[in-house]
Amino acid sequence: MTAIEIQSVVKTYPEFKLGPINLAISQGEFFGIFGPPSSGKTSILKLILGLLDPDEGKIILSQRNAAERDVAER
């Protein structure tokens, strides 16, 4: 079962564009995000947590679209 699925997610900033990102992480799987400074690691985590909204695409957490989360859950 997929715990986190990222489908064609794009986040645009004035200085750069992140994505499109496609990723699937299964339940029980360990996953790391590595890269040089300013490569988008923190932005990806903020998108997954719902602290940022993607400009395009969608993020599904345990079979639930992250964009549909109730504001109280954030």
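**Close-up 1. Salt bridge between K11 and D55.** K11 counts as buried at 13% relative accessibility, where buried means under 20% relative accessible area, exposed over 50% and partly exposed in between (1.4 Å probe, protein chains only). The model is predicted: local features need pLDDT of at least 70, side-chain atom pairs count only at pLDDT 80 or more, and totals for chains, interfaces and linings use all residues. Residues are numbered from 1 along each chain as its sequence is written, and side-chain values use heavy atoms, with hydrogens and water left out. Helices (H or I, at least four residues) and strands (E, at least two) are DSSP runs, numbered from the N terminus.

**Close-up 2. The largest nonpolar core.** This core (buried Ala, Val, Leu, Ile, Met, Phe, Trp, Tyr and Cys residues joined through side-chain atoms within 4.5 Å) has 11 residues, among them A3, V9, L18, I44 and I59. At least two residues each come from β1 (2–12), β2 (17–26) and α1 (41–49). Strand β1 gives the most, with 4 residues.

**Close-up 3. The aromatic pair Y13 and F16.** The structure holds 1 aromatic pair. The ring centres of Y13 and F16 lie 5.1 Å apart with planes at 25°, so the pair is stacked (centres within 6.5 Å; planes under 30 degrees apart are stacked, over 60 edge-to-face, the rest tilted). Y13 is partly exposed at 21% relative accessibility, and F16 is partly exposed with a relative accessible area of 29%.

Notes:
Rings of Phe, Tyr and Trp (its six-membered ring) pair if their centres lie within 6.5 Å; planes under 30 degrees apart count as stacked, over 60 as edge-to-face and the rest as tilted. A salt bridge is a side-chain nitrogen of Lys or Arg within 4 Å of a carboxyl oxygen of Asp or Glu.
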